[in-house]
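User: I would like to go through this model by question and answer, with the cut-offs stated as we go.

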Amino acid sequence: MQMNAELGWLSLLPSLLAILVAIISRRVIWALLGGVIFAYGLLYSPDLSTAALAAGEGLYGTLVDPGNLMLWGFTLAIGALFGVLEQGGTFGSFVQALENKQWVHSRKRARLFTWVLGVIVFIESNVSIMTSGTTSRPVYDRLGISRQKLAYIIDSTCAPVCILIPLNAWGAFNLGLIGQQEVEQPLMVFAGSVLLNAYAIFALFLALWVAWTGWTIGPMKAYELTAQDDYAKRQSTTKAAPDAVNKGAVATVILSLVSMVVLVPAMLVYTGDGKLVAGSGMFSVFVAIYAALFIAIVGTLVSIPNSVGNVVRGIVRGARDILPLAVILWLAIALGDVTKSLGTGDYLTGLLNTSVPFMLIPVLVFILSGITAFAIGSSWGTFALMIPLAVPLALGLGIPVPLLIGAALAGGIFGDHASPISDTTIMASLASGSDHIAHVRTQLPYALLAAAATIVFYLLAGMFVEVTRVAS
């Protein structure tokens, strides 16, 4: 099969059209599927029959890829896990216990609880998102906070924390990329780049400010008002006395969630022969989630009498509810794979080969990395494309290497946050129970605000580096 090469700006069209159609039509699955088909059409044009065959093979290959099969497996298990906890009745007791302890009796405390939980669970972004989101969701519903606000807080906490505290697969991946470049002491360079990841820092503390104050801008206002109106209506009705807390049910929720968090680093150490950063992140998460599911099932059956039917319904309903998002994830990965063949990343990175002012290099690396992540929906894919560009660029121009790596990482996180085809954005929608496009629309103003502050930071950093260079 003959593939087209050097498509240039045309290579951007499949991802950008998929994003636009998803936002306008709110039919994400069809938008992504159309993007995949269109991408293969470009790749094999004008032989459309070959393009159609290649699209089918690409979609099937993505579906049955061993690594992706593990991803589908633990994605469905996540749905089943929280289906069991909710349908089985243990989550109700957990929320009641929180309210009885007066830990999250107010909206402010509920938001801060979510932020803190997202910071603590820094081992893996999807685990962090699912843990923070599904634990907080019943509390938010009860207190009249919108699920869109929940989705924003978990999405803007979990991924930034994972890149800022890189004792996880994120750290191993990026350290490996940096180690392949011609830099001395890659670990120290990586540590420096983490401190210069301005977007992750701004996004994390903006989320803390929103959690502390409840600050609402843009489309988020309408969802917050609706949630508060629903809360007011519930308060005006006569409520039954709260049920007594089932301590066994509370212990089931805590044990299942804690086991999931603890087992990820434990399995990383085990699969890495004693080295955390050398372990298998995907397999570690897979084992941790299925162990948590097992604990949830057994704990529910033991603590709640006659709960077999509810447990079975919880497994089926939880897996069924998450299935559409698993399909979105599948199509997003397939689109990301074909955009690599189109040369989308190479085209974007090649834009920096033209002559640009020295002081603008850091901010341009950030913007280009953000566009790349937005278009392909993958922060990790963006890191893989941008770090090999950023390091030689820094070495060739005499710019501190950690600064450009930090800018590349920052752009990857920003584009990932803003993109509707990003896996973490999809997971945040799932965990919070928010409509996916509603989450994208309500989060975007906050993401753009943090990005604006990041641009100012990298402009100032570029000016400082240029002044220092001239002075020396």
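User: Which residues are buried in H6?
Analyst: The model is a predicted one, in which local features need pLDDT of at least 70, side-chain atom pairs count only at pLDDT 80 or more, and totals for chains, interfaces and linings use all residues. Residues are numbered from 1 along each chain as its sequence is written, and side-chain values use heavy atoms, with hydrogens and water left out. Buried means under 20% relative accessible area, exposed over 50% and partly exposed in between, with a 1.4 Å probe and protein chains only, while helices are DSSP runs (H or I, at least four residues; strands are E, at least two) numbered from the N terminus. In H6 the buried residues are Ala110, Arg111, Leu112, Thr114, Trp115, Leu117 and Gly118.

User: What distance does helix H6 reach from its first C-alpha to its last?
Analyst: The expected span of a helix is 1.5 Å times one less than its number of residues. Helix H6 covers residues 107-120, which is 14 residues, and its expected value is 20 Å. The distance from first to last C-alpha is close to that expectation, at 20 Å.

User: How many of the residues of H17 are buried?
Analyst: Helix H17 runs over residues 361-376 and reaches 22 Å between its end C-alpha atoms, close to the 22 Å expected. Among its buried residues are Ile361, Val365, Phe366, Leu368 and Ala373. H17 is largely enclosed by the rest of the structure, because the buried residues number twelve of the 16.

User: Which residue takes a positive phi just after H17?
Analyst: The phi in question is about 70°, and the residue that takes it, just after H17, is Gly377.

User: How far apart in space are Ala373 and Gly412, C-alpha to C-alpha?
Analyst: Ala373 lies in helix H17, and it counts as buried because its relative accessibility is 0%. With contact taken as heavy atoms within 4.5 Å, and leaving aside neighbours within four places in sequence, Ala373 is in contact with Ser378, Thr382, Gly411, Gly412, Gly415, Asp416 and Ser419. Ala373 and Gly412 are 39 residues apart in sequence, yet their C-alpha distance is 5.3 Å.

User: What share of the contacts between residues at least 6 apart in sequence join residues at least 24 apart?
Analyst: The chain has 21 helices and zero strands, and 53% of its 472 residues are buried. Among the contacts between residues at least 6 apart, the share joining residues at least 24 apart is 79%.

User: Which residue does Lys149 form a salt bridge with?
Analyst: A salt bridge is a side-chain nitrogen of Lys or Arg within 4 Å of a carboxyl oxygen of Asp or Glu, and the structure holds two. One of them joins Arg147 and Asp141 at 2.7 Å, N to O. In the other, the closest N and O atoms are 3.4 Å apart, and the partner of Lys149 is Glu224.

User: Are Lys149 and Glu224 buried or exposed?
Analyst: For comparison, Arg147 is partly exposed because its relative accessibility is 30%, and Asp141 is partly exposed because its value is 28%. The pair of Lys149, in helix H8 (residues 147-164), and Glu224, in helix H12 (residues 220-235), links distant parts of the chain, 75 residues apart. Both Lys149 and Glu224 are buried.

User: To which backbone nitrogen does the side chain of Ser432 reach?
Analyst: Ser432 is found in helix H20 (residues 423-432) and counts as buried because its relative accessibility is 0%. Not counting residues up to four places away in sequence, Ser432 touches Arg137, Arg147, Leu150 and Ala151. At 3.3 Å, its side chain reaches the backbone nitrogen of Ser434.

User: What is the phi of Asn306?
Analyst: Most residues other than glycine have a negative phi, and most peptide bonds are trans. Asn306 is found in the loop between helix H14 (281-303) and helix H15 (308-342), and it counts as exposed because its relative accessibility is 79%. Its phi is positive, in a residue other than glycine, and lies near 55°.

Definitions and conventions
A polar contact is a pair of N or O atoms within 3.5 Å; within protein, one must be able to donate a hydrogen and the other to accept it, and residues adjacent in sequence count only if both atoms are side-chain atoms.
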